[in-house]
Amino acid sequence: MRILLGLILASALSGASVDGIEIHWTPAGKGGTTVILVHGWTGDESAWSAQVPALVAAKYRVITLDLPGHGKSGSPKDGKFSMDLFARAIEAVRVEAGINRAVLVGHSMGTPVIRQYARLYPKRTLALVFAEGVVMKPENGAAFATMSPRFLGPDGPKNHEQFVRAMCIVTPEEMRTNILKVSMATPEATVYGAMAALGDPEIWNEGVIDIPVLGIYADKSKLADQEVIHRVFPKLEYVEIPGTDHFLMMEKPAEFNSYLLDFLKKHS
């Protein structure tokens, strides 16, 4: 009986899909508020290994997932990626998990993903947290589309590795090695397609999102255009963690988790 119940639960937890793409996700903890953690470009759910235990200990329900084309999730057959696709993948997981509303946390590319989610599903979005998240003017987004072909062909892997290394210069070596291992295992179609998807100017439109937002950034980070982020997110709280690089939630998890948990107490 227990084995049968286990199989039924496992089947239920693996059933989320979008456009026929199976989405891998992992639940943890119990609580009245759910926090969905969304990784960045060429990452996977392991990016949040230092956050899940802290959130569970604080009595939050937590969900991590692999976006389409990443980690253990399937990929679109046509090779086309978009922030809409990623946002709808999150929605598929939300529905499968039976959650009403959630706080969404996005790292790097995960920030435009959860920003798009908040646009598409405002009634399901309680608050947003940006972890070194990209926020820019619409005219600057084209740079991603221009850059994306660098990750194709014989020189693609080399350029991919150089790009990731440049984002974790002060990151401890063992941690940097693990980040690179995950990133370099990502299929070329995803590496290129997800980067190209960031070049869509529509995802950078400056429509106001009037919900609580926390921005946690690295020391002297330049990823968020300060004029834009304060205009688009009028309820923004912005902090920087000294001595960190792009993967700050891994590098200084205690400080990151402290800011995150304080924000959640106020807005959940």
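The legends below describe close-up views of a predicted model. Local features need pLDDT of at least 70 and side-chain atom pairs count only at pLDDT 80 or more, while totals for chains, interfaces and linings use all residues. Residues are numbered from 1 along each chain as its sequence is written, and side-chain values use heavy atoms, with hydrogens and water left out.

**View 1. The largest nonpolar core and Met109.** This core has 60 residues. A nonpolar core is a set of buried Ala, Val, Leu, Ile, Met, Phe, Trp, Tyr and Cys residues joined through side-chain atoms within 4.5 Å. Buried means under 20% relative accessible area, exposed over 50%, and partly exposed in between (1.4 Å probe, protein chains only). Leu65, Ile90, Met109, Phe130 and Phe233 have the most contacts inside the core. Helix H3 (residues 83-97) supplies the largest share, eight residues. Helices (H or I, at least four residues) and strands (E, at least two) are DSSP runs, numbered from the N terminus. Another core, of 24 residues, lies apart from the largest one and includes Ala131, Leu248, Met249 and Phe256. Residues up to four places away in sequence not counted, Met109 touches Gly40, Trp41, Leu67, His70, Met83, Phe86, Ala194 and Leu198; contact means heavy atoms within 4.5 Å. In soluble globular proteins, nonpolar side chains tend to be buried together.

**View 2. Strand S5 and its partners S3 and S4.** Four of the five residues of strand S5 (residues 61-65) are buried, so the strand is largely enclosed by the rest of the structure. Strand S3 (residues 25-28) runs antiparallel to S5 and is joined to it by four bridges, with Pro27 having Ile63 as its bridge partner. S4 runs parallel to S5, with five bridges between them, and here Val38 has Leu65 as its bridge partner. Two strands count as paired if DSSP finds at least two bridges between them.

**View 3. Strand S7 beside strand S6.** Six of the seven residues of S7 are buried, so S7 is largely enclosed by the rest of the structure. Strand S6 (residues 102-107) pairs with S7 in the parallel sense over six bridges. Gly106 stands opposite Phe130 of S7, and Phe130 is among the residues with the most contacts inside the largest core.

**View 4. Helix H7, its buried face and its exposed residues.** The twelve residues of helix H7 (residues 173-184) should span 16 Å at 1.5 Å a residue, and the end C-alpha atoms are 16 Å apart, which agrees. The expected span is 1.5 Å times one less than the number of residues. Arg176, Ile179, Leu180 and Ser183 of H7 are buried. Seen down the helix axis, the buried residues of H7 fall within an arc of 100°, so they line one face; the arc is that of the directions from the axis to the C-beta atoms. These buried residues pack against helix H6 (156-165) and helix H10 (248-251). Glu174 and Lys181, on the other side of H7, are exposed.

View 5. The structure holds eleven salt bridges, each a side-chain nitrogen of Lys or Arg within 4 Å of a carboxyl oxygen of Asp or Glu. Arg176 is buried, with a relative accessible area of 12%, whereas Glu173 is partly exposed at 46%.

**View 6. The salt bridge between Asp225 and Lys137.** The N to O distance is 2.7 Å. Asp225 lies in the loop between strand S8 (213-218) and helix H9 (226-232), and Lys137 in the loop between strand S7 (125-131) and helix H5 (142-147), so the pair ties together parts that are 88 residues apart in sequence. Lys137 is partly exposed, with a relative accessible area of 22%.

**View 7. Positive phi at Asp19 and Thr42.** Most residues other than glycine have a negative phi. Asp19 has a positive phi of about 50° and lies in the loop between strand S1 (17-18) and strand S2 (21-22). Thr42 has a positive phi of about 55° and is found in the loop between strand S4 (34-38) and helix H2 (52-57). Asp19 is exposed, with a relative accessible area of 55%, whereas Thr42 is buried, at 2%.
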